[in-house]
Amino acid sequence: MSADVHPELLQILDRELYAVSEAARLLRLPPQTLRNWIHGFDRGAQTYPPVLREEREDVGVRWGEFVSAAYLSFLRDDRQVSIQHMRLALAGLRSRHPEVRYPLAHFQPLTTDGTLLADDDGAVELASTGQLLIPAVVDRFANAVVWERDIARRLRPDPENHRVIVDPLQSFGIPTAGGIRTEILWELFQTGESMADIGGLYDLDLADVEDAIRFESARGEALVER
């Protein structure tokens, strides 16, 4: 199987959007966890390379890495497959497709019998023998990502909330609903504005406002719990 590379879309995957702390906040991850995935870490005499990069780089989080981190965050929530398994699977994909820097944001991952696969134009290949995944995680990721020509073009940070999206070409990658930043709608709601009035102010469907408020409320609760 060969990867179909689209230069104009690959430029989007390479777009540097976030500091690690901001990306972690959007993905509801502990910042140190995401930092380890992005930059690698040392533990005693053992050095662990990055999971989402081929080598350590002193740059912020790129779009392709942000999408890939969303996949790992779903996997982390499931707690049945180790990140080490994913490290091996991603290394396997990169070795066969050196032109693909972000396999999870370029290939649409599938599973059969719990084994990670990569799909491109209907052809399916094994990413790395024996790397087990949970189908529910792949389904959640599939619901979260909006694909364009096999590239992850947009992301729903909460896959069950379809109106809140993150677009690397809109609002600097900050979540929006109906084209308006969710944090703006949340701030208005916190000051006592009704959802109906907020919707009227920005010419939004009430459902857009409701989903934005629900998203920001859940994100705030997650930060308090952490």
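Reply: Happy to! Strands β10, β11 and β12 form an open antiparallel sheet, in the order β10-β11-β12. β10 (164-165) and β12 (180-181) are at the edges with a single partner strand each, so one side of each has no neighbour in the sheet. Strands here are DSSP runs of E with at least two residues, helices are runs of H or I with at least four, and both are numbered from the N terminus. Two strands count as paired if DSSP finds at least two bridges between them.

Me: Before we go on, what kind of model is this?

Reply: This is a predicted model, where local features need pLDDT of at least 70 and side-chain atom pairs count only at pLDDT 80 or more, while totals for chains, interfaces and linings use all residues. Residues are numbered from 1 along each chain as its sequence is written, and side-chain values use heavy atoms, with hydrogens and water left out.

Me: Thanks. How many bridges pair β10 with β11?

Reply: Two, in the antiparallel sense, with β11 covering residues 176-177. Ile165 has Thr176 in β11 as its bridge partner.

Me: What about the loop between β10 and β11, which residue lies there?

Reply: Phe172 is in that loop. Its phi is near 55°, a positive value in a residue other than glycine. Most residues other than glycine have a negative phi.

Me: Is Phe172 buried or exposed?

Reply: Phe172 is exposed, at a relative accessible area of 69%. Buried means under 20% relative accessible area, exposed over 50%, and partly exposed in between, with a 1.4 Å probe and protein chains only.

Me: Where is Asp203?

Reply: Asp203 sits in the loop between α9 and α10 (206-225). Asp203 is not a glycine, but has a positive phi of about 55°. At 73% relative accessibility, Asp203 is exposed.

Me: Switching to β8 and β9, how many bridges join them?

Reply: Four, and the two strands run antiparallel. Among the bridge partners, Glu148 goes with Ile151 and Val146 with Arg154. The hairpin has two residues between the strands, and Arg149 there takes a positive phi near 50°.

Me: Which residues are on the covered face of β8?

Reply: Val145 and Trp147 are on the covered face, with Val146 and Glu148 on the uncovered one. In a regular strand the side chains alternate between the two faces of the sheet.

Me: And why is β9 described as largely enclosed?

Reply: Four of the five residues of β9 (residues 151-155) are buried, so the rest of the structure largely encloses this strand.

Me: Now helices. At what angle do α8 and α9 pack?

Reply: About 135°, with the axes 10 Å apart. Axes are lines fitted to C-alpha atoms, for helices over the stretch in contact, and angles run from 0 to 180 degrees between N-to-C directions. α8 and α9 are therefore oblique to each other; under 35 degrees counts as roughly parallel, over 145 as roughly antiparallel, 65 to 115 as roughly perpendicular and the rest as oblique.

Me: Which residues meet there?

Reply: Ile184, Leu185, Leu188 and Phe189 of α8 meet Met195, Ile198, Leu201 and Tyr202 of α9, where contact means heavy atoms within 4.5 Å.

Me: Last one, how much of the whole chain is buried?

Reply: 50% of the 226 residues count as buried. The protein chain has 10 helices and 12 strands.
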